[in-house]
Amino acid sequence: MKKLYIVGAGGFGREVYAWLSDWCNANPGWIIAGFVNDIASALDEFPGLPPIVSTIDGFQPQENAWLVCAIADPVGKKDVVKRFRGKEVPFFTLIHPSVIVGQRAKIGEGVVICPRTVVSSDLHIGDFATINSACTIGHDTSIGAYSTLSGHCDVTGGVVLEEGVFMGSHAVVLPKGHVGRGASVGAGSVVLRKVAPGETVFGVPAKRISR
């Protein structure tokens, strides 16, 4: 039996548990063995879930065990992944059974793609990117490592999102748009062309509100 451990027991971790359960039901021989989280009491109010088996630093490698990254914040996600790197534990890429994936899509290690998302053809999704439910990702797009798309985002054809980009719910990047490293696009915003690294933009069209 192959074991999956969910890293992160917050709200998104509980969502990932549901999506991962769907995947395990469709792929016999895999089980969700528990959560890895630094706060031991994080699931006390949610009976019926698997236990928190370890802190992040205390987790020990096991045979036939994979980690599933369930942390949405790009900065926090990258920090946690670094803490695991010396342990030589593989990260699992979760693509929910309802996701549509086009031809020649390259999807990296530790990626989580949630239900009802459409991933088009000839694109790249970098390691540890998180794509929440009902997103659309167009052809010839590049999504950088550790980036996070909240629910219902639309990343259209030819777009580049650099490493660590965060997009709020229902945000849109129009064709051939470019969002720089570590930038944030506010919920419901529409990026027409370019967002500089580290900027936070909001509105229709999206304009800088902080850096």
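**A tour by selection**

Start with Tyr5: its bridge partner is Leu67, in strand 4. This is a predicted model. Now select the whole of strand 1, residues 2-7, and strand 4, residues 65-69. Strand 1 and strand 4 run parallel and are joined by five bridges. Colour strand 4 by accessibility: four of its five residues are buried, so this strand is mostly covered.

Next, select helix 1, residues 11-26. How far apart are its end C-alpha atoms? They lie 24 Å apart, which agrees with the 22 Å that 16 residues should span at 1.5 Å a residue.

Keep helix 1 selected and show the side chains of its buried residues: Phe12, Gly13, Val16, Leu20, Ser21, Trp23 and Cys24. Which strands do the buried residues of helix 1 pack against? Strand 1 and strand 4 are among them, and so is strand 2 (30-36). The others are strand 5 (94-95), strand 8 (112-113) and strand 11 (130-131).

Strand 5 and strand 8 run parallel, with two bridges between them. Select Leu94 and look across to strand 8: the residue opposite is Val112.

Technical notes: Residues are numbered from 1 along each chain as its sequence is written. This is a predicted model: local features need pLDDT of at least 70, side-chain atom pairs count only at pLDDT 80 or more; totals for chains, interfaces and linings use all residues. Side-chain values use heavy atoms; hydrogens and water are left out. The expected span of a helix is 1.5 Å times one less than its number of residues. Buried means under 20% relative accessible area, exposed over 50%, partly exposed in between (1.4 Å probe, protein chains only). Contact means heavy atoms within 4.5 Å. Two strands pair if DSSP finds at least two bridges between them.
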